[in-house]
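Here is a short report for a first look at one protein chain. Keep the sequence and the view side by side while reading.

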Amino acid sequence: MICPHADCQAPDTATAISDSELAKLVSNEQMTRIRRLRNQRRAETDSTNFAMCARTGCDLVVKNDTQVDRLCVCECGFTFCRMCRCTWHGVNRCAIKDVRELVEKYRQACMDEAEDGSSKERKYLEQRHGKAFMRQYRRGFEP
């Protein structure tokens, strides 16, 4: 992060500010929000390895279990399926009844966004099922 102060004599190279330094500059509420947004970004950009906890109100990032496909276990104690975001159902099929229908909804939301600039439905689907997951399935079902 580059110093915004005009009289700053720090070198021009951009350096990251530590969390402890940042905590001195912002309120506790802002620091909590910053951590939550960082975690959310990590989960959205790397949804094959991370997911946001599916429990309402929990903002923790969960590392996907490498031993059991789709299993996510959050620190809050909630265990869920990364694919359908429902409580863990083991080897039983996911609650997503029709993946094609879900992908079609996502495709339509992307087209609607291109037409009118509204991305609420696309963002909701990406948040609910994971951006990488939705894009991967969309590519798999391209006509």
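## Salt bridges

A salt bridge here is a side-chain nitrogen of Lys or Arg within 4 Å of a carboxyl oxygen of Asp or Glu. The model is predicted. How many salt bridges does a search of the whole structure find? The search finds 2.

One of them joins E104 and R107. Their closest N and O atoms are 2.9 Å apart, so the pair falls within the 4 Å cut-off. Both residues sit in helix α3, 3 residues apart, which means about one helical turn separates them. Is R107 buried or exposed? R107 is buried, because its relative accessible area is 14% and buried means under 20%. E104 has a relative accessible area of 38% and is partly exposed.

The side chains of D19 and R38 form a salt bridge too, with an N to O distance of 2.5 Å. This pair links distant parts of the chain, 19 residues apart. D19 belongs to helix α1 (residues 19-25), and R38 to helix α2 (residues 28-45). D19 is partly exposed at 30% relative accessibility. R38 is partly exposed as well, at 37%.

## The chain as a whole

The chain has 143 residues, and 29% of them count as buried. Its secondary structure consists of 5 helices and 4 strands. What pattern does the chain follow along the sequence? It reads α-α-β-β-β-β-α-α-α.

## The nonpolar core

In soluble globular proteins, nonpolar side chains tend to be buried together. Which residues make up the largest nonpolar core in this model? There are 10: C81, M83, C84, C94, L102, Y106, C110, L125, F133 and M134. Two elements, α3 and α5 (131-140), each give two or more residues to this core. The largest share comes from α3, with 3 residues.

## The negative patch

Now turn to the surface. D112, E115, D116 and E121 gather there in a patch of negative charge. Which helix gives the most to this patch? Helix α3 (residues 99-116) does, with 3 residues.

D112 is one of the patch residues, and its place is in helix α3.

## Contacts across the sequence

Some residues apart in sequence can also be compared in space. R42 lies in helix α2. R42 and V61 are 19 residues apart in sequence, and their C-alpha atoms are 8.0 Å apart. R42 is partly exposed, with a relative accessible area of 39%.

Where is L60 placed? L60 is in the loop between β1 (50-52) and β2 (61-63). Q40 and L60 are 20 residues apart along the chain, with 8.3 Å between their C-alpha atoms. At 33% relative accessibility, L60 is partly exposed.

Conventions. Residues numbered from 1 in each chain as written. Predicted model: local features only at pLDDT ≥ 70, side-chain atom pairs only at ≥ 80, totals over all residues. Heavy atoms only, no water. Patch = residues over 30% accessible without salt bridge, like charges linked within 9 Å, V, L, I, M, F, W, Y side chains within 5 Å. Areas by Shrake-Rupley, 256 points an atom, 1.4 Å probe, with all protein chains shown as cover. Lys, Arg positive; Asp, Glu negative; His and termini not counted. Charge placed at Lys NZ, Arg CZ, Asp CG, Glu CD. Core = buried A, V, L, I, M, F, W, Y, C linked by side-chain atoms within 4.5 Å. Buried < 20%, exposed > 50% of the residue type's maximum accessible area, 1.4 Å probe, protein only.
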